[in-house]
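Trainee: I would like a close look at one part of this model. Please take me through the packing.

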Amino acid sequence: MTAQPGATAPPPRHSSDPHASDQRRPIGSYESYSEAERAVDYLSDNGFPVERVAIIGSDVKLVEQVVGRLNYGGAALRGAGSGALTGLLIGWLFGIFNWFTPVLAAFTLALYGLVFGAVIGALFGLVAHALQGGRRDFASVRVMTPTRYEVVADEAVAGEAKDLLAKMTGGV
């Protein structure tokens, strides 16, 4: 989903305040985000005021997928990769703005930045890995995902939304 030009997000509504006048009520519960998104899309397709609806993910879990062993070579390679990218961008910027001798082309400065950044990045990667002293010598990717998604609507329109969603599930 993308935001429309000029659209602003409404302020969050917290249901913990029992005296709030604009409470929200659950109108559907789904196991995946795509199902919840499909429900809101269905409401939108049927002319429902979807600005009065929210998708709330709950029961968040952290999944850390180990992708491999990290040794000195891998640490140097990862450091070189991030350093090379940084060096390339800095060299390219210097070349574009011609902050050095005008004879040097932007491509040459970007190439020098790439090489210099890769060397410095590799050194930093090696030093950082050595300082860890064998702790956490693996690479991983962390992802936080909800296990359940609720579609909620303002109390004033929740009944209408629930009726519309009943037609969606009844027709499928």
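Over which residues does pLDDT stay under 50, and how many contacts beyond four places in sequence does the model have for them? After that, take me to the largest nonpolar core and what surrounds it.

Mentor: This is a predicted model, so confidence comes first. Over residues 14-21, pLDDT stays under 50. For that stretch the model has 3 contacts beyond four places in sequence. The mean pLDDT of the protein is 83. Of its residues, 81% reach 70 or more. Helix H1, residues 33-45, has the highest confidence, with a mean of 94. Confidence is lowest in helix H4, residues 155-171, at a mean of 85.

Now the core. The largest nonpolar core holds 17 residues. Ile27, Leu43, Phe48, Val53, Val151, Ala153 and Leu165 have the most contacts inside it. Strand S1 (24-30), H1, S3 and H4 each give two or more residues to this core. H4 supplies the largest share, 6 residues. Take Leu165 as a point of entry. Leaving out residues up to four places away in sequence, Leu165 touches Ile27, Tyr30, Ala39, Tyr42 and Leu43. Another core lies apart from the largest one. That other core has 5 residues, including Ala76, Ala80, Ala84 and Ala122.

An α-helix has 3.6 residues a turn, so residues three or four places apart point the same way. H3 runs over residues 106-131, which is 26 residues. At 1.5 Å a residue, H3 should span 38 Å. The end C-alpha atoms of H3 are 37 Å apart, which agrees. Just after H3, Gly133 takes a positive phi of about 60 degrees.

Last, the aromatic rings. Searching the whole structure gives 1 aromatic pair. The partners are Tyr33 and Tyr149, in an edge-to-face arrangement. Their centres are 5.7 Å apart, with 70 degrees between the planes. The pair links distant parts of the chain. Tyr33 sits in helix H1 and Tyr149 in strand S3 (residues 138-154), 116 residues apart. Tyr33 counts as partly exposed, because its relative accessibility is 34%. Tyr149 has 13% relative accessibility, so Tyr149 counts as buried.

Terms used. Residues are numbered from 1 along each chain as its sequence is written. This is a predicted model: local features need pLDDT of at least 70, side-chain atom pairs count only at pLDDT 80 or more; totals for chains, interfaces and linings use all residues. Side-chain values use heavy atoms; hydrogens and water are left out. pLDDT is the predictor's confidence in each residue, from 0 to 100. Helices (H or I, at least four residues) and strands (E, at least two) are DSSP runs, numbered from the N terminus. Contact means heavy atoms within 4.5 Å. Rings of Phe, Tyr and Trp (its six-membered ring) pair if their centres lie within 6.5 Å; planes under 30 degrees apart count as stacked, over 60 as edge-to-face and the rest as tilted. Buried means under 20% relative accessible area, exposed over 50%, partly exposed in between (1.4 Å probe, protein chains only). A nonpolar core is a set of buried Ala, Val, Leu, Ile, Met, Phe, Trp, Tyr and Cys residues joined through side-chain atoms within 4.5 Å. The expected span of a helix is 1.5 Å times one less than its number of residues.
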